[in-house]
Amino acid sequence: MALDLNILLVEDDFEIGKWLEKRILNLNNIKSLFWETTLHKATNAINLNNPDIIVLDLNLPDGNGIELLKTLKRKQNQTKVYIFSINSELKKTCLRLGADAFFDKTTDSENLIASLSQLRA
């Protein structure tokens, strides 16, 4: 199986980030994983690494992930954006703005990993 996905994880909670990092790196379709904890660092990582998929938390120390989602979609960036947030009341908003999927941190962690495992670049 080819290692072909470049993933950017944007998550400021260390424990959640470490769990996701471990699970994502164990998938068979991963070429690289970059983990950032702020919108500013995520924006830089997008410009430098051109990820295939962004796993994006909404509540970050320097702003809301929805702003990054809006920017990506306004620029017609082809990167898939998977929202991973505890803020499930924003699901419809995120999907309307162009998120490819929304996963609730409290109930959908395994669904997120399963979805990532099925993707190819």
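Select F14 first: its relative accessible area is 53%, so F14 counts as exposed (over 50%; buried is under 20%, partly exposed in between, with a 1.4 Å probe and protein chains only). The model is predicted: local features need pLDDT of at least 70 and side-chain atom pairs pLDDT 80 or more, while totals for chains, interfaces and linings use all residues. Residues are numbered from 1 along each chain as its sequence is written, and side-chain values use heavy atoms, without hydrogens and water.

A search of the whole structure finds two aromatic pairs (Phe, Tyr or Trp rings, the six-membered one for Trp, with centres within 6.5 Å; planes under 30 degrees apart are stacked, over 60 edge-to-face, the rest tilted). F14 and W35 form a stacked pair, 6.1 Å centre to centre with 25° between the planes. F14 belongs to helix α1 (14-25) and W35 to strand β2 (30-36), so the pair ties together parts 21 residues apart in sequence (helices are DSSP runs of H or I, at least four residues; strands of E, at least two; both numbered from the N terminus).

Next, select Y82 and F103. Their ring centres are 5.6 Å apart and their planes at 50°, so this pair is tilted. Both Y82 and F103 are buried.

Now move to the largest nonpolar core, with 19 residues (buried Ala, Val, Leu, Ile, Met, Phe, Trp, Tyr and Cys joined through side-chain atoms within 4.5 Å). L56, I83 and C94 have the most contacts inside it. Finish with a second, separate core of 18 residues, including I24, V55, Y82 and I113.
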